[in-house]
Amino acid sequence: VHGAGLFQRGETQVLSVATLGALRDRARLDRIAPGEWQYYMHHYNFPPFSVGEARFMRGPGRREIGHGMLAQRAIEPVLPDFKEFPYTIRIVSDVLSSNGSTSQGAVCGSTLALMDAGVPIKAPVAGIAMGLMSTPDASQYKILTDIAGIEDAFGDMDFKVAGTADGVTAVQLDIKLKSLPADFLDQVFDQARTARLKILEVMTAAIAEPRAEVGTYAPKISIVKIDPDKIGAVIGPGGKVINAIIERTGASIDIEEDGSVFVGGIEAESVRRAIAEIEGLTKEIEVGTIYQGRVVRLMAFGAFVEILPGKDGLVHISELAEGRVKTVNEVCNEGDTVKVKVLGVDDRGKIKLSMRVVNQETGEDISAQVAEKDAARRAEREARRAEGGESAEGGEGNEGGESRGPRRRRGPRNED
(Lines give C-alpha, C1' and ligand atoms only; values in the text may rest on other atoms or scores of the structure.)
Protein backbone atom coordinates (compact mmCIF):
# COMPACT_ATOMS: atom_id res chain seq x y z
CA VAL A 1 0.00 0.00 0.00
CA HIS A 2 1.64 3.22 -1.16
CA GLY A 3 -1.39 5.52 -0.95
CA ALA A 4 -5.01 5.34 0.21
CA GLY A 5 -8.18 7.42 0.06
CA LEU A 6 -11.45 6.91 1.92
CA PHE A 7 -14.32 8.78 0.25
CA GLN A 8 -17.82 9.04 1.69
CA ARG A 9 -20.80 10.79 0.15
CA GLY A 10 -24.05 10.23 2.05
CA GLU A 11 -24.38 6.49 2.65
CA THR A 12 -21.89 5.61 -0.09
CA GLN A 13 -18.38 4.87 1.13
CA VAL A 14 -15.44 3.71 -1.02
CA LEU A 15 -11.90 2.79 0.06
CA SER A 16 -9.32 3.16 -2.73
CA VAL A 17 -5.78 1.85 -2.33
CA ALA A 18 -2.89 2.76 -4.67
CA THR A 19 0.10 0.54 -5.37
CA LEU A 20 3.14 1.61 -7.39
CA GLY A 21 5.10 -0.96 -9.35
CA ALA A 22 7.99 -1.24 -11.77
CA LEU A 23 7.83 -1.49 -15.55
CA ARG A 24 7.57 -5.28 -15.39
CA ASP A 25 4.24 -4.96 -13.54
CA ARG A 26 2.47 -3.43 -16.54
CA ALA A 27 -0.33 -5.40 -18.21
CA ARG A 28 -0.17 -6.62 -21.79
CA LEU A 29 -3.37 -5.83 -23.68
CA ASP A 30 -4.76 -8.69 -25.74
CA ARG A 31 -5.76 -6.74 -28.83
CA ILE A 32 -5.34 -7.00 -32.58
CA ALA A 33 -2.46 -4.53 -32.54
CA PRO A 34 0.56 -6.15 -30.85
CA GLY A 35 2.78 -4.47 -28.31
CA GLU A 36 0.13 -2.50 -26.41
CA TRP A 37 0.63 -2.13 -22.68
CA GLN A 38 -1.40 -0.77 -19.82
CA TYR A 39 0.37 1.23 -17.13
CA TYR A 40 -2.66 2.27 -15.09
CA MET A 41 -5.22 -0.22 -13.84
CA HIS A 42 -8.31 0.30 -11.72
CA HIS A 43 -10.04 -2.67 -10.12
CA TYR A 44 -13.48 -2.17 -8.57
CA ASN A 45 -15.05 -4.51 -6.02
CA PHE A 46 -18.68 -4.46 -4.89
CA PRO A 47 -18.98 -6.95 -2.01
CA PRO A 48 -22.45 -8.09 -0.86
CA PHE A 49 -22.10 -6.56 2.61
CA SER A 50 -22.01 -3.08 1.08
CA VAL A 51 -25.78 -3.33 0.51
CA GLY A 52 -26.57 -5.43 3.59
CA GLU A 53 -26.65 -8.78 1.81
CA ALA A 54 -25.08 -12.10 2.77
CA ARG A 55 -24.04 -14.17 -0.24
CA PHE A 56 -20.98 -15.76 -1.80
CA MET A 57 -17.98 -13.58 -2.60
CA ARG A 58 -17.34 -14.35 -6.25
CA GLY A 59 -15.22 -12.85 -8.99
CA PRO A 60 -16.15 -9.53 -10.60
CA GLY A 61 -19.14 -9.54 -12.95
CA ARG A 62 -20.02 -7.27 -15.84
CA ARG A 63 -21.23 -4.55 -13.49
CA GLU A 64 -17.98 -4.46 -11.49
CA ILE A 65 -15.85 -4.50 -14.63
CA GLY A 66 -17.90 -1.72 -16.21
CA HIS A 67 -17.84 0.49 -13.11
CA GLY A 68 -14.10 -0.03 -12.72
CA MET A 69 -13.46 0.85 -16.35
CA LEU A 70 -15.57 4.02 -16.09
CA ALA A 71 -13.55 5.20 -13.09
CA GLN A 72 -10.32 4.30 -14.90
CA ARG A 73 -11.29 6.31 -17.97
CA ALA A 74 -12.12 9.29 -15.76
CA ILE A 75 -8.63 9.31 -14.20
CA GLU A 76 -6.47 8.51 -17.25
CA PRO A 77 -6.47 12.06 -18.78
CA VAL A 78 -4.81 13.55 -15.68
CA LEU A 79 -2.09 10.92 -15.21
CA PRO A 80 1.52 11.95 -15.84
CA ASP A 81 3.45 10.67 -18.84
CA PHE A 82 5.25 7.41 -18.15
CA LYS A 83 8.63 8.96 -18.98
CA GLU A 84 8.04 11.61 -16.33
CA PHE A 85 6.72 9.17 -13.71
CA PRO A 86 7.99 5.68 -14.65
CA TYR A 87 5.65 3.65 -12.47
CA THR A 88 2.96 1.09 -13.15
CA ILE A 89 -0.04 2.20 -11.08
CA ARG A 90 -2.81 0.00 -9.73
CA ILE A 91 -5.86 1.24 -7.84
CA VAL A 92 -8.21 -1.13 -6.02
CA SER A 93 -11.52 0.42 -4.95
CA ASP A 94 -13.61 -1.53 -2.44
CA VAL A 95 -17.17 -0.37 -1.82
CA LEU A 96 -17.81 -0.48 1.93
CA SER A 97 -21.33 0.94 1.83
CA SER A 98 -23.65 1.77 -1.06
CA ASN A 99 -26.67 3.98 -1.58
CA GLY A 100 -25.85 6.01 -4.63
CA SER A 101 -23.22 6.06 -7.35
CA THR A 102 -20.30 3.94 -6.17
CA SER A 103 -18.46 4.27 -9.49
CA GLN A 104 -18.22 8.02 -8.97
CA GLY A 105 -17.22 7.41 -5.38
CA ALA A 106 -14.42 5.25 -6.77
CA VAL A 107 -13.34 8.16 -9.00
CA CYS A 108 -13.04 10.43 -5.96
CA GLY A 109 -11.33 7.75 -3.87
CA SER A 110 -8.85 7.04 -6.67
CA THR A 111 -7.90 10.71 -6.86
CA LEU A 112 -7.26 10.85 -3.12
CA ALA A 113 -5.19 7.64 -3.21
CA LEU A 114 -3.07 8.84 -6.15
CA MET A 115 -2.27 12.15 -4.49
CA ASP A 116 -1.48 10.37 -1.23
CA ALA A 117 0.91 8.04 -3.11
CA GLY A 118 2.79 11.00 -4.61
CA VAL A 119 1.57 10.52 -8.19
CA PRO A 120 1.84 13.97 -9.86
CA ILE A 121 -1.61 14.06 -11.45
CA LYS A 122 -2.44 17.17 -13.48
CA ALA A 123 -5.62 17.97 -11.51
CA PRO A 124 -7.98 16.30 -9.01
CA VAL A 125 -10.95 14.46 -10.50
CA ALA A 126 -14.41 14.04 -8.95
CA GLY A 127 -17.65 12.52 -10.20
CA ILE A 128 -21.36 12.80 -9.58
CA ALA A 129 -24.46 10.86 -10.74
CA MET A 130 -27.36 12.89 -12.12
CA GLY A 131 -30.94 11.61 -12.26
CA LEU A 132 -34.25 12.54 -13.88
CA MET A 133 -37.94 12.43 -12.98
CA SER A 134 -40.28 13.24 -15.87
CA THR A 135 -43.61 12.67 -17.53
CA PRO A 136 -43.74 9.97 -20.24
CA ASP A 137 -43.37 12.53 -23.02
CA ALA A 138 -40.67 14.47 -21.09
CA SER A 139 -42.70 17.65 -21.37
CA GLN A 140 -42.19 18.16 -17.67
CA TYR A 141 -39.12 16.98 -15.84
CA LYS A 142 -36.87 17.53 -12.83
CA ILE A 143 -33.12 16.97 -12.88
CA LEU A 144 -31.77 15.35 -9.71
CA THR A 145 -28.25 15.69 -8.34
CA ASP A 146 -26.46 12.83 -6.58
CA ILE A 147 -29.22 10.26 -6.92
CA ALA A 148 -29.70 7.55 -4.32
CA GLY A 149 -30.55 3.94 -5.00
CA ILE A 150 -34.34 4.38 -5.05
CA GLU A 151 -34.07 7.39 -7.41
CA ASP A 152 -31.89 5.31 -9.72
CA ALA A 153 -34.40 2.45 -9.68
CA PHE A 154 -37.58 4.45 -10.26
CA GLY A 155 -36.13 7.44 -12.11
CA ASP A 156 -35.77 7.87 -15.86
CA MET A 157 -32.02 8.48 -16.06
CA ASP A 158 -28.65 7.67 -14.54
CA PHE A 159 -26.12 10.12 -15.98
CA LYS A 160 -22.63 9.86 -14.48
CA VAL A 161 -20.32 12.84 -15.08
CA ALA A 162 -16.68 12.90 -13.93
CA GLY A 163 -14.06 15.56 -14.46
CA THR A 164 -11.81 18.26 -13.07
CA ALA A 165 -12.59 21.87 -12.27
CA ASP A 166 -11.81 22.73 -15.90
CA GLY A 167 -13.67 20.06 -17.83
CA VAL A 168 -15.24 16.63 -18.16
CA THR A 169 -13.08 13.51 -18.45
CA ALA A 170 -15.72 10.71 -18.61
CA VAL A 171 -19.50 10.27 -18.89
CA GLN A 172 -21.94 7.36 -18.87
CA LEU A 173 -25.64 7.67 -19.63
CA ASP A 174 -28.45 5.22 -18.92
CA ILE A 175 -31.79 6.56 -20.15
CA LYS A 176 -35.32 5.12 -20.11
CA LEU A 177 -36.97 7.82 -22.26
CA LYS A 178 -37.34 7.66 -26.02
CA SER A 179 -36.39 11.31 -26.47
CA LEU A 180 -34.92 14.22 -24.53
CA PRO A 181 -35.62 17.97 -24.61
CA ALA A 182 -33.33 20.02 -26.84
CA ASP A 183 -31.56 21.93 -24.06
CA PHE A 184 -31.59 19.04 -21.61
CA LEU A 185 -27.87 18.11 -21.76
CA ASP A 186 -26.77 21.70 -21.21
CA GLN A 187 -28.79 21.80 -17.99
CA VAL A 188 -27.44 18.46 -16.82
CA PHE A 189 -23.79 19.41 -17.41
CA ASP A 190 -24.23 22.79 -15.69
CA GLN A 191 -25.88 21.20 -12.67
CA ALA A 192 -23.26 18.42 -12.56
CA ARG A 193 -20.45 20.96 -12.70
CA THR A 194 -21.81 22.79 -9.66
CA ALA A 195 -21.91 19.54 -7.70
CA ARG A 196 -18.48 18.47 -8.95
CA LEU A 197 -16.86 21.71 -7.86
CA LYS A 198 -18.36 21.32 -4.38
CA ILE A 199 -16.98 17.80 -4.07
CA LEU A 200 -13.53 18.94 -5.29
CA GLU A 201 -13.57 21.69 -2.68
CA VAL A 202 -14.08 19.13 0.09
CA MET A 203 -11.45 16.77 -1.37
CA THR A 204 -8.76 19.44 -1.74
CA ALA A 205 -9.41 20.50 1.85
CA ALA A 206 -8.21 17.02 2.87
CA ILE A 207 -5.19 16.93 0.51
CA ALA A 208 -4.60 19.96 -1.69
CA GLU A 209 -2.01 18.50 -4.06
CA PRO A 210 0.01 15.34 -4.65
CA ARG A 211 2.72 14.64 -2.12
CA ALA A 212 6.17 15.82 -3.20
CA GLU A 213 7.67 12.32 -3.15
CA VAL A 214 6.46 8.76 -3.29
CA GLY A 215 6.07 6.91 0.01
CA THR A 216 8.95 5.43 1.98
CA TYR A 217 8.03 1.89 1.01
CA ALA A 218 7.28 2.64 -2.63
CA PRO A 219 9.93 1.54 -5.14
CA LYS A 220 12.44 4.17 -6.20
CA ILE A 221 12.74 4.11 -10.00
CA SER A 222 15.31 5.81 -12.20
CA ILE A 223 15.70 5.78 -15.99
CA VAL A 224 19.10 5.31 -17.60
CA LYS A 225 19.63 5.70 -21.34
CA ILE A 226 22.21 3.43 -22.99
CA ASP A 227 23.31 2.74 -26.54
CA PRO A 228 20.91 0.11 -27.97
CA ASP A 229 23.97 -1.73 -29.31
CA LYS A 230 25.13 -2.22 -25.70
CA ILE A 231 21.90 -3.93 -24.54
CA GLY A 232 23.45 -7.34 -25.16
CA ALA A 233 26.39 -6.47 -22.91
CA VAL A 234 24.04 -5.63 -20.04
CA ILE A 235 21.87 -8.72 -20.46
CA GLY A 236 24.69 -11.17 -21.13
CA PRO A 237 24.40 -14.72 -22.44
CA GLY A 238 21.14 -16.19 -21.23
CA GLY A 239 20.59 -13.19 -18.95
CA LYS A 240 23.65 -14.09 -16.87
CA VAL A 241 24.95 -10.53 -16.46
CA ILE A 242 21.67 -8.78 -15.68
CA ASN A 243 20.58 -11.49 -13.26
CA ALA A 244 23.90 -11.18 -11.44
CA ILE A 245 23.39 -7.42 -11.07
CA ILE A 246 19.86 -7.96 -9.75
CA GLU A 247 21.13 -10.51 -7.23
CA ARG A 248 23.99 -8.30 -6.01
CA THR A 249 22.02 -5.07 -5.71
CA GLY A 250 18.45 -6.25 -5.04
CA ALA A 251 17.13 -3.84 -7.69
CA SER A 252 14.73 -4.62 -10.52
CA ILE A 253 15.98 -3.91 -14.05
CA ASP A 254 13.85 -3.65 -17.19
CA ILE A 255 15.30 -2.78 -20.60
CA GLU A 256 13.41 -1.44 -23.61
CA GLU A 257 14.50 -1.82 -27.23
CA ASP A 258 15.31 1.90 -27.54
CA GLY A 259 17.97 1.62 -24.82
CA SER A 260 15.85 2.88 -21.92
CA VAL A 261 16.76 1.02 -18.73
CA PHE A 262 14.31 1.23 -15.80
CA VAL A 263 16.00 0.52 -12.48
CA GLY A 264 13.83 0.20 -9.39
CA GLY A 265 14.24 -0.76 -5.75
CA ILE A 266 12.86 -0.07 -2.29
CA GLU A 267 16.15 1.51 -1.21
CA ALA A 268 17.77 4.31 -3.17
CA GLU A 269 21.22 2.82 -2.50
CA SER A 270 20.38 -0.41 -4.34
CA VAL A 271 19.18 1.62 -7.32
CA ARG A 272 22.39 3.67 -7.30
CA ARG A 273 24.58 0.57 -7.21
CA ALA A 274 22.66 -1.07 -10.06
CA ILE A 275 22.95 2.07 -12.19
CA ALA A 276 26.69 2.26 -11.49
CA GLU A 277 27.15 -1.32 -12.70
CA ILE A 278 25.07 -0.71 -15.83
CA GLU A 279 27.03 2.43 -16.65
CA GLY A 280 30.25 0.52 -16.08
CA LEU A 281 29.20 -2.01 -18.70
CA THR A 282 28.12 0.56 -21.26
CA LYS A 283 30.00 3.79 -20.63
CA GLU A 284 32.98 4.57 -22.86
CA ILE A 285 36.23 5.49 -21.15
CA GLU A 286 37.20 9.04 -22.11
CA VAL A 287 40.86 10.02 -22.36
CA GLY A 288 41.67 12.94 -20.09
CA THR A 289 38.84 12.22 -17.66
CA ILE A 290 39.53 11.85 -13.94
CA TYR A 291 37.93 8.89 -12.17
CA GLN A 292 37.84 7.73 -8.58
CA GLY A 293 38.61 4.05 -8.43
CA ARG A 294 39.70 1.19 -6.23
CA VAL A 295 43.06 -0.57 -6.33
CA VAL A 296 42.25 -4.18 -7.20
CA ARG A 297 45.70 -5.68 -7.85
CA LEU A 298 49.36 -4.87 -7.28
CA MET A 299 52.21 -5.92 -9.54
CA ALA A 300 55.93 -5.19 -9.47
CA PHE A 301 55.54 -2.77 -12.37
CA GLY A 302 52.41 -0.93 -11.17
CA ALA A 303 48.86 -1.08 -9.78
CA PHE A 304 45.58 -1.99 -11.45
CA VAL A 305 42.71 0.37 -10.56
CA GLU A 306 39.02 -0.33 -11.23
CA ILE A 307 37.59 2.96 -12.48
CA LEU A 308 34.19 1.61 -13.54
CA PRO A 309 32.48 -1.66 -12.62
CA GLY A 310 34.26 -4.35 -14.60
CA LYS A 311 36.78 -1.94 -16.15
CA ASP A 312 40.27 -1.41 -14.76
CA GLY A 313 43.47 0.15 -16.00
CA LEU A 314 47.18 0.11 -15.17
CA VAL A 315 48.96 2.82 -13.23
CA HIS A 316 52.62 2.22 -14.10
CA ILE A 317 55.06 2.56 -11.22
CA SER A 318 56.44 5.70 -12.87
CA GLU A 319 52.95 7.28 -12.76
CA LEU A 320 52.20 6.51 -9.10
CA ALA A 321 53.77 9.59 -7.51
CA GLU A 322 56.34 12.35 -7.98
CA GLY A 323 59.95 11.26 -7.78
CA ARG A 324 61.40 7.78 -7.81
CA VAL A 325 59.17 5.02 -6.41
CA LYS A 326 61.05 1.87 -5.42
CA THR A 327 58.02 -0.38 -4.75
CA VAL A 328 54.32 -0.01 -5.45
CA ASN A 329 53.48 -0.63 -1.77
CA GLU A 330 55.09 2.69 -0.89
CA VAL A 331 52.20 4.53 -2.53
CA CYS A 332 49.13 2.30 -2.41
CA ASN A 333 47.74 -1.08 -1.36
CA GLU A 334 44.90 -3.29 -2.51
CA GLY A 335 41.50 -1.86 -1.57
CA ASP A 336 42.70 1.76 -1.47
CA THR A 337 40.52 4.38 -3.11
CA VAL A 338 42.53 6.61 -5.43
CA LYS A 339 41.97 9.25 -8.07
CA VAL A 340 43.40 8.65 -11.52
CA LYS A 341 43.47 10.29 -14.91
CA VAL A 342 43.08 8.35 -18.14
CA LEU A 343 46.17 8.90 -20.27
CA GLY A 344 45.16 6.66 -23.14
CA VAL A 345 43.41 3.54 -24.40
CA ASP A 346 45.19 1.28 -26.88
CA ASP A 347 43.72 -0.73 -29.73
CA ARG A 348 43.19 -3.74 -27.46
CA GLY A 349 41.20 -1.70 -24.95
CA LYS A 350 43.95 -1.53 -22.33
CA ILE A 351 43.69 1.60 -20.25
CA LYS A 352 46.73 3.63 -19.18
CA LEU A 353 46.23 5.63 -15.96
CA SER A 354 48.17 8.11 -13.87
CA MET A 355 47.93 9.04 -10.21
CA ARG A 356 50.72 11.59 -10.06
CA VAL A 357 48.92 14.09 -12.29
CA VAL A 358 45.90 14.19 -9.96
CA ASN A 359 45.72 15.82 -6.55
CA GLN A 360 44.66 12.86 -4.39
CA GLU A 361 42.92 15.09 -1.84
CA THR A 362 40.91 17.40 -4.08
CA GLY A 363 40.77 15.40 -7.31
CA GLU A 364 42.16 18.38 -9.22
CA ASP A 365 44.04 17.84 -12.47
CA ILE A 366 47.62 18.99 -11.86
CA SER A 367 49.07 17.83 -15.18
CA ALA A 368 50.35 21.34 -15.96
CA GLN A 369 52.24 21.65 -12.67
CA VAL A 370 53.73 18.17 -13.06
CA ALA A 371 54.80 18.99 -16.61
CA GLU A 372 56.50 22.17 -15.40
CA LYS A 373 58.41 20.22 -12.75
CA ASP A 374 59.45 17.60 -15.30
CA ALA A 375 60.64 20.33 -17.66
CA ALA A 376 62.61 21.98 -14.85
CA ARG A 377 64.32 18.70 -13.96
CA ARG A 378 65.24 18.09 -17.61
CA ALA A 379 66.67 21.58 -17.89
CA GLU A 380 68.70 21.02 -14.73
CA ARG A 381 70.15 17.81 -16.10
CA GLU A 382 71.04 19.49 -19.37
CA ALA A 383 72.76 22.28 -17.46
CA ARG A 384 74.80 19.79 -15.48
CA ARG A 385 75.85 18.06 -18.69
CA ALA A 386 76.91 21.39 -20.17
CA GLU A 387 79.03 22.15 -17.11
CA GLY A 388 80.71 18.73 -17.29
CA GLY A 389 78.82 17.25 -14.39
CA GLU A 390 77.91 14.32 -16.62
CA SER A 391 80.03 12.71 -19.31
CA ALA A 392 79.00 13.27 -22.90
CA GLU A 393 79.26 9.52 -23.29
CA GLY A 394 76.59 9.13 -20.62
CA GLY A 395 78.65 8.35 -17.50
CA GLU A 396 78.61 10.51 -14.38
CA GLY A 397 81.71 11.91 -12.74
CA ASN A 398 83.60 9.88 -10.12
CA GLU A 399 83.16 10.44 -6.43
CA GLY A 400 85.93 12.97 -6.36
CA GLY A 401 84.14 15.03 -8.94
CA GLU A 402 86.94 14.75 -11.55
CA SER A 403 86.25 13.53 -15.04
CA ARG A 404 88.00 10.35 -16.10
CA GLY A 405 88.59 11.82 -19.54
CA PRO A 406 87.82 10.30 -22.89
CA ARG A 407 88.06 6.58 -23.25
CA ARG A 408 90.97 5.15 -25.22
CA ARG A 409 90.01 3.69 -28.56
CA ARG A 410 90.94 0.11 -29.00
CA GLY A 411 92.71 -1.04 -32.11
CA PRO A 412 91.48 -3.84 -34.34
CA ARG A 413 91.30 -7.19 -32.63
CA ASN A 414 94.04 -9.59 -33.64
CA GLU A 415 92.25 -12.55 -35.17
CA ASP A 416 95.45 -14.61 -35.12
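**Exercise 1. Helix H1**

Task: In this predicted model, how many residues does H1 have, and how does its reach compare with the expected span?

Solution: 
- Step 1. H1 covers residues 62–75. It has 14 residues.
- Step 2. The expected span is 1.5 Å times one less than the number of residues. For H1 this gives an expected 20 Å.
- Step 3. From first C-alpha to last, H1 reaches 20 Å, close to that expectation.

**Exercise 2. The cover of H1**

Task: Which residues of H1 are buried, and what covers them?

Solution: 
- Step 1. Apply the cut-off: buried means under 20% relative accessible area.
- Step 2. Glu64, His67, Gly68, Leu70, Ala71, Gln72, Ala74 and Ile75 of H1 are buried.
- Step 3. Look for contacts, meaning heavy atoms within 4.5 Å. The cover of these buried residues includes strands S4 (37–38), S5, S9 (157–163) and S10 (168–175). Helix H2 (102–117) is also part of the cover.

**Exercise 3. Strand S9**

Task: How many residues of S9 are buried, and which lie on each side?

Solution: 
- Step 1. Seven of the seven residues of S9 are buried.
- Step 2. Met157, Phe159, Val161 and Gly163 lie on one side. Asp158, Lys160 and Ala162 lie on the other.
- Step 3. Both faces of S9 are therefore covered, as buried means under 20% relative accessible area.

**Exercise 4. The partners of S9**

Task: In what sense does S9 run with S7, and in what sense does S9 pair with S10?

Solution: 
- Step 1. Take S7 (residues 126–134). S7 and S9 run antiparallel, joined by seven bridges. Ile128 has Val161 of S9 as its bridge partner.
- Step 2. Take S10. S9 and S10 pair over seven bridges, in the antiparallel sense. Asp158 stands opposite Asp174 in S10.
- Step 3. A hairpin of four residues joins S9 to S10.

**Exercise 5. Two loop residues**

Solution: 
- Step 1. Phe49 lies in the loop between strand S5 (40–45) and H1.
- Step 2. Phe49 has a relative accessible area of 48%, so Phe49 is partly exposed.
- Step 3. Asp146 is in the loop between strand S8 (141–145) and helix H3 (149–154). Its phi is positive, about 55°, although Asp146 is not a glycine.
- Step 4. Asp146 is partly exposed, at 29% relative accessible area.

Note on methods
Residues are numbered from 1 along each chain as its sequence is written. This is a predicted model: local features need pLDDT of at least 70, side-chain atom pairs count only at pLDDT 80 or more; totals for chains, interfaces and linings use all residues. Side-chain values use heavy atoms; hydrogens and water are left out. Buried means under 20% relative accessible area, exposed over 50%, partly exposed in between (1.4 Å probe, protein chains only). Two strands pair if DSSP finds at least two bridges between them.
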